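Thanks for coming, everyone. Please look at the model on the screen, and I will walk you through a few places in it.

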Amino acid sequence: TAGTAGTAGTAGTAGTSGKTRPASATGEPDPSQPRMRLGRDSVAFSEEELSLLMKSMIHEEFLSAAPMMLAWVVEILESKQQSSSTRSKAVKALGDIVAVDKRLLDAPSLLAAIEHALQDDSISVRESALVLVGKHMVQEPALAIRLIHIVIRASEDAGSSVRKSAIKILRDCCLIMPEERSDKIIESYRAILNRSSDSEESVKSFVLKTFRSLWFDAVPEGDDILVQRSPRDRSKSLAKLATAIVGSVSSGSGCRALIDSSHPLIAVLREIRDVDQQGTAAALLDLFIYGDRGLSGAKRGAARADDGSGARPEHNSGGPPANMDGARGLSYLHAIYAMAAANPASCIPEHDPLKFLRTLAPHVRDDSQAESQTKQEARESAEETLYVLGITSVILNSMEQRTTITVNLATDISEELPNIINKHKFTAVVSAACACLSSCALSSPTATGRLLNVAAQYLAFLDKPAAYAKNLPRFIFIVGQVYRYASRLMQQVDAFLPDQPALAEKLAPGSCVDTLNGFWATNDLAGSAAGFSVSSPGLQAQIRRSTLEAICQIMIASPRSHVDGKSVAQQALARALSPESPPSMSLVALNGLIELIQADASELRQRQSRDAATGAVAAENGEGDVSQSSAILQLHWDPILALAMHADAHQKDVEDQTAAMIRRKILFLIEISIRDGLCGPWSCLSTLVLFAMTDSFAGSGLSEAGVGSLCSRSVKQLKLLVIKYPDFVDMGRIITGIKDSCPAAPRHRNSRQKEQAESRSKVYQQRVKKLYSEIVCSTRAKRNEFLRLLVRAFKGDKGSDLSFANVNMCCWLAILLAGVPYKKAEEVCLVLHEIDAIASSKTSSTVADLHDLLDVEQSLIEDGTVGDIKREGKGKKNDPRGGFAAAGDPARDPDSGRRARCAVIMRAIALCVISRLKVYLMRAYNISLERQALYASGGSRSTEKEAVSFSAKAASHAVANLYGVYGVSSLSPKALLEELDDDSHLMVD
């Protein structure tokens, strides 16, 4: 206690600072100094020393109480009993504590509490937790690297404000993380890119603003971080992302494909307007040609040669560019192509429109035949050629002025293209060469002649199939690519060949389709094509695939000519999409439809852009907006959705990846359909749920990093449907999708198989949790309808009699219902009530029937005839029970007595499964029989807002029985009777 009065003390007593106190003239302590009583004495302190002493005492007290106080704040944060505002204040309190000592973020308990807050029901709590970690992540690169996964997950949050905060934090973290951790930077970029198709317009706008600041602004917009970035730095960040995308969408060891024109990266670049993209594109071109070392002497000479005269600069055309050390040089080409595909004007500078064409022209060459190349070098060389061809095609197609220099340059570029088409071993490069030759033909008559020569040459090969049987797949593929990209020219071929009418007629698209149809219509695995026999089944399959692909390419080039359902193209698609078709053929058909829709959308976008630039007005409403691709898609929509169920029907070890790709292509078509409104949103609900519940191909290596697995993409589309079309989200269709996803029954013969079955069941429970939380619980009515229909699915498709229940389906439904994340007592009571409605009237009669069966079996044993009954069931697969329990399907058994015995057993098995589920739910959520009876008597109002919590400890005794539910089918009638007798008192009538 400090004061000025007290007993006499010793003058000059040392204080906490170690200094001597000044004394008064009389030798007494200065009465103006504050004093502190220490026992019977009082000691004088200066104000500074007293302040230090008090702070020390308070700090010591806080240190002893800090762990307890911190644990108390964490407890408040994790408590569902507290209001959302209280939990939000707890998060802010944690933020104040962490601001004092950032090392607390290393504490596992605190980090777990923050992650728990990021999954809170309240948006404000989740946003506060995100701001807490983000504030420190953007200041410390090491912390950003360690916690970036938390922010990436938050970028998919249901709250738009949370997603925006996550995007900003990810952007700021990308600017401070070292280049050595480019994997984390790219992962962050891709998380931001995934939000470009967000359902909230403000979030999409924020994504565009973010990428604009990263790629085109010298100083990224923001209040906290200002990092000066040169054009090269901005270009490199775009190039890294483009290369990551190229690697993720390509599979296998071959040449990686061009970035799809519908990819979010190109869509974002297309939407970023009112900026000078030419500077970034020029920086990318310099980086590709000259590398990071700048202009060498030889390159300076080449640059001086690039004087706008149209002459080619003297590049070292015999080898790669100076910076071509693996994928680094290719990454700049990836980014240039993305910019050109999004905005061709970015690669056509006003002061020198032909700069990109002249610079890249020396790289249009075929190096694939070089013997000294390794496989990796050959792949990189092919990929360089592919992207150079792609960029060249885009620029040539967008050139508005066809000058003499343009004609000469197009003629020079086209000189090497027939050689690439004839000899290159990568089909992606061959396709790009066909597209580039068609683009050159728009400017150069010489290139037009070369294109017609290629078409005539390969059609002549098809007229002699026996002589070129082994090469027919490649020849047919080339024909399809030529007609795909040169459709306008081929439709006017008679104008280019006025002196050769026979050749012009042969080159017409209609004649080409008839030629291809001869290979498709009559060529099956045991037949012949176009009058010649193919002995190898593998070659036959390749010919058919190439023919179908070529027909699809011609349809893409001119959809108006093939929209009729009786056309060759539509009949071929219908046959390829049937369940009887091999998976490889179905995959070709799906790829053709996807390309058709993308090409139609691209053409429509270009036409609208031209009309907007010229001020053209449609003569009638809707003119130019009609999509032929949507009409073709609707013709095959139902077979496509049905194909999702049969995607693995033909699976063998070699075809696992093909079946996986079929499902991914179907999902991609659904995404396009929902985005563009091509088909009814309700029609694909069941298929999306099927994909959301089953992702059997996750280990096939085909999943796209950052975009997500088949399961997560399907849930994303379902969430979009819930937001855009809530009235069309029918719970009945969702239940159908869940039932369609029911897997085959797992084996339970040993402990290892039981463990595998349990772990698999937990995976499916996690999927139904996500489906339930994010889709089903949008409204209380939909939630209750979902639970009601899911329980009623126990009865099967043949009515309320459990005698015809599917045992595997019952076990599957029990596992899923146990994994639903119930939050209200009403939900659990509703499930228990529906279980009682099914089981209460059946349990007593089934127990009586089992007693009768056992009595009959005992009498047969005494008569010595039971052996015949056991021999009846001996042939039943996966059924070790024998006797009465070994009966098959009661609906198909011709023996009425045996059918009746089988019905009793099946009903008993279903009731045991349902009973185990009920025991588990009652214990896990502490629901008594009295509580159930109250709900059944109309007390649902009392449970509507009452929260429940899952108790793993209380449910521990029932967990083993629940996950062992698949083993119920192997129980003997006596064991079934004992289990039903034990649980019969739980059924509320």
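**Helix α5 and beyond**

Start with α5, where Leu143, Ala144, Ile145, Leu147, Ile148, Ile150, Val151, Ile152 and Ala154 are buried. Buried means under 20% relative accessible area, exposed means over 50%, and partly exposed is in between, with a 1.4 Å probe and protein chains only. Helices are DSSP runs of H or I with at least four residues, numbered from the N terminus.

A word on the source. This is a predicted model, where local features need pLDDT of at least 70, side-chain atom pairs count only at pLDDT 80 or more, and totals for chains, interfaces and linings use all residues. Residues are numbered from 1 along each chain as its sequence is written, and side-chain values use heavy atoms, with hydrogens and water left out.

Back to α5. What do its buried residues pack against? They pack against α3 (108-117), α4 (123-137), α6 (160-176) and α7 (182-194). Contact here means heavy atoms within 4.5 Å. Helix α5 covers residues 141-154. It bends by about 55° at Leu147. That bend is the angle between axes fitted to the seven residues ending there and the seven starting there.

Next, the largest nonpolar core. It has 275 residues. A nonpolar core is a set of buried Ala, Val, Leu, Ile, Met, Phe, Trp, Tyr and Cys residues joined through side-chain atoms within 4.5 Å. Which members touch the most others? Phe211, Trp215, Leu265, Ile738, Phe786, Phe794 and Trp812 do. The largest share of this core, 17 residues, comes from helix α39 (residues 896-924). Take Leu265. Beyond four places in sequence, its contacts include Leu193, Trp215, Leu238 and Ala338.

Now helix α39 itself. Ala924 is found there. Ala924 counts as buried because its relative accessible area is 1%. Setting aside neighbours within four places, Ala924 is in contact with Ser949, Phe950, Ser951 and Ala955. Ala924 and Ala952 are 28 residues apart in sequence, yet 6.4 Å apart in space, C-alpha to C-alpha.

Move on to the loop between α39 and α40 (929-936), where Asn926 lies. Is Asn926 buried or exposed? Asn926 is exposed, because its relative accessible area is 66%. Its phi is near 55°, a positive value in a residue other than glycine. Most residues other than glycine have a negative phi.

Last stop, Gln765, in helix α34 (residues 751-774). Gln765 is at 7% relative accessibility, so it counts as buried. Outside four places in sequence, Gln765 touches Ile815, Ala818, Gly819 and Tyr963.

Note on methods. Helix = DSSP H or I, 4+ residues; strand = E, 2+ residues; numbered from the N terminus. Expected span 1.5 Å × (residues − 1).
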